[in-house]
Amino acid sequence: MQIYDELTARGLIAQVTDEKEIKDLVNEGRAKFYIGFDPTADSLHVGHFMALCLMKRLQQAGNKPIALLGGGTGMIGDPSGRSDMRQMMTKETIQHNIDCFIKQMGRFIDFEESEADKDTNKAIMVNNADWLLDLNYIEMLRDIGAHFSVNRMLAAECYKTRWEKGLTFFEFNYMIMQSYDFYRLYQDYGCNMQFGGDDQWSNMLAGTELIRRKLGKDAYAMTIQLLLNSEGKKMGKTVGGAVWLDADKTSPYEFYQYWRNVGDADVLKCIKMLTFLPLEQIDEMSAWEGAKLNEAKDILAYELTTLVHGEDEAKKAKAAAIAVFSGGSSENMPTETLSDEDFTDGQIGILQLLVAANLCTSRNEARRAIQQGGVSVNGEKVADEKAAYEKDAFAEDFILRKGKKKFCKVTL
């Protein structure tokens with residue numbers, strides 16, 4: 001099976017500008033494509049993970065990826081799909097986030113190491129700050145702005161959710177900037193395709209149109225499906241926020257558990273879209289039911305944790321999950337460490353303990369959890385919200401649990 005057919009079979013492709021041409025380009029390894037990553041945080045998240053996996057699949061098929069870091073566009077912020085304006089970041093914050101992205105991307109993509117590799121399928125990384133930050137405003141309006149119809153821009157899907165609260169001129173420029181990125185990458189690197197999430201379709205079409213108007217050349221765009229659950233909600237988010245690829249923000253165990261706990265209706269879709277398991281193996285799982293679906297979830301969690309954190313961390317996360325639900329060893333359990341400042345008169349109350357262990361965000365939430373019977377210490381339910389523990393209690397295993405899925409080992 002060729003790569004385009006595999007992407008289709010995995011349910012990854014949403015929209016394309018010219019299916020025949022794109023199919024030929026990627027199948028023949030002639031695509032020089034880019035995906036943009038705006039540095040809105042100091043870690044990549046699950047949404048980025050899908051894009052990175054697509055880059056990896058296409059690179060393995062002989063195509064050349066370009067990872068575009070949004071050092072320039074990150075100063076504006078993409079309004080697509082948002083009901084309010086992003087908080088503006090300083091140049092220092094943007095650069096810090098970019099540095100974090102660079103470290104993480106190398107785990108997924110094989111990047112170019114020397115000038116001699118430029119004609120291979122090794123990936124390259126560029127930063128649009130290199131051309132966007134030094135643009136002359138008048139020249140930009142004359143050279144680029146003249147090719148954009150305001151009427152067509154206002155009709156774009158990416159702006160529709162902003163009408164009620166108002167779309168600033170500041171954000172309105174984002175489509176022009178992203179289009180200019182494609183134009184520059186086409187000229188400077190021979191980039192002939194742009195890939196992105198399905199919510200980027202309007203911006204991507206604008207880029208292909210700018211290249212056609214300015215250069216009289218054809219460029220192509222393809223969007224991938226957003227990762228949605230069976231209820232139509234974006235996956236990769238928890239009550240506490242995004243599921244991050246940085247182990248310090250979402251631990252390997254938490255990452256593993258997120259995928260272990262996906263709904264029955266979503267597990268096979270996630271395996272198809274996110275893992276590199278052969279489609280033949282995945283198709284065999286389509287008939288699985290009941291306990292076999294739990295096995296599929298174990299496979300999903302293990303495969304994705306291995307991709308993001310490595311096999312050793314995946315094994316530890318799996319062992320920790322087994323230990324929690326079978327009463328086994330606590331060696332690989334997620335651990336929270338208390339300091340002397342957490343104690344008052346040598347003791348720490350259960351409410352404060354739940355907050356300190358990051359199992360609850362507030363004392364009120366901790367109180368409700370106890371009242372609902374959802375808190376236990378070493379397997380024994382805690383019914384008294386005034387319960388307190390001295391430092392000696394943490395000398396041996398102290399397993400604190402909230403609900404069925406949140407727990408940790410607490411140490412000093």
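A cavity is a set of points, on a 1 Å grid over the protein atoms alone, where a 1.4 Å probe fits but cannot get out; lining residues have an atom within 4 Å of a point. Grid points are joined across faces, edges and corners, and a volume is the space filled by probe spheres set on the points. The model is predicted: local features need pLDDT of at least 70, side-chain atom pairs count only at pLDDT 80 or more, and totals for chains, interfaces and linings use all residues. Residues are numbered from 1 along each chain as its sequence is written, and side-chain values use heavy atoms, with hydrogens and water left out.

**Exercise 1. Determine how much space lies in the largest cavity, and which residues line it.**

Step 1. The count comes to one cavity of 30 Å³ or more.
Step 2. The space in the largest cavity is about 40 Å³.
Step 3. Its lining consists of Leu12, Met50, Cys53, Leu54, Arg57, Ile224 and Met273.
Step 4. Helices (H or I, at least four residues) and strands (E, at least two) are DSSP runs numbered from the N terminus. Helix H3 (residues 46–60) gives the most to this lining, with four residues.
Step 5. For classification, Ala, Val, Leu, Ile, Met, Phe, Trp, Tyr, Cys and Pro count as nonpolar, Asp, Glu, Lys and Arg as charged, and the others, Gly among them, as polar. The lining divides into six nonpolar, no polar and one charged.

**Exercise 2. Describe how H3 and helix H13 (residues 267–274) pack.**

Step 1. Axes are lines fitted to C-alpha atoms, for helices over the stretch in contact, and angles run from 0 to 180 degrees between N-to-C directions. The H3 and H13 axes are 10 Å apart, at an angle of about 50°.
Step 2. Angles under 35 degrees count as roughly parallel, over 145 as roughly antiparallel, 65 to 115 as roughly perpendicular and the rest as oblique. H3 and H13 are therefore oblique to each other.
Step 3. With contact meaning heavy atoms within 4.5 Å, Phe49, Met50, Cys53 and Arg57 of H3 meet Lys272, Met273 and Leu274 of H13.
Step 4. The residues of this contact divide into five nonpolar, no polar and two charged.

**Exercise 3. Find which strands pair with strand E15 (residues 406–411), and in which sense.**

Step 1. Strand E9 (residues 335–337) runs parallel to E15, joined by three bridges, and Thr335 stands opposite Lys409.
Step 2. Strand E14 (residues 399–402) runs antiparallel to E15, joined by four bridges. Here Lys402 has Lys406 as its bridge partner, and Arg401 stands opposite Phe407.
Step 3. These strands belong to an open sheet of five strands, ordered E9-E15-E14-E11-E12.

Conventions. On a 1 Å grid over the protein atoms alone, a cavity is a set of points where a 1.4 Å probe fits but cannot get out, and a pocket is an open set with protein on both sides within 12 Å along at least five of seven lines; lining residues have an atom within 4 Å of a point. Two strands pair if DSSP finds at least two bridges between them.
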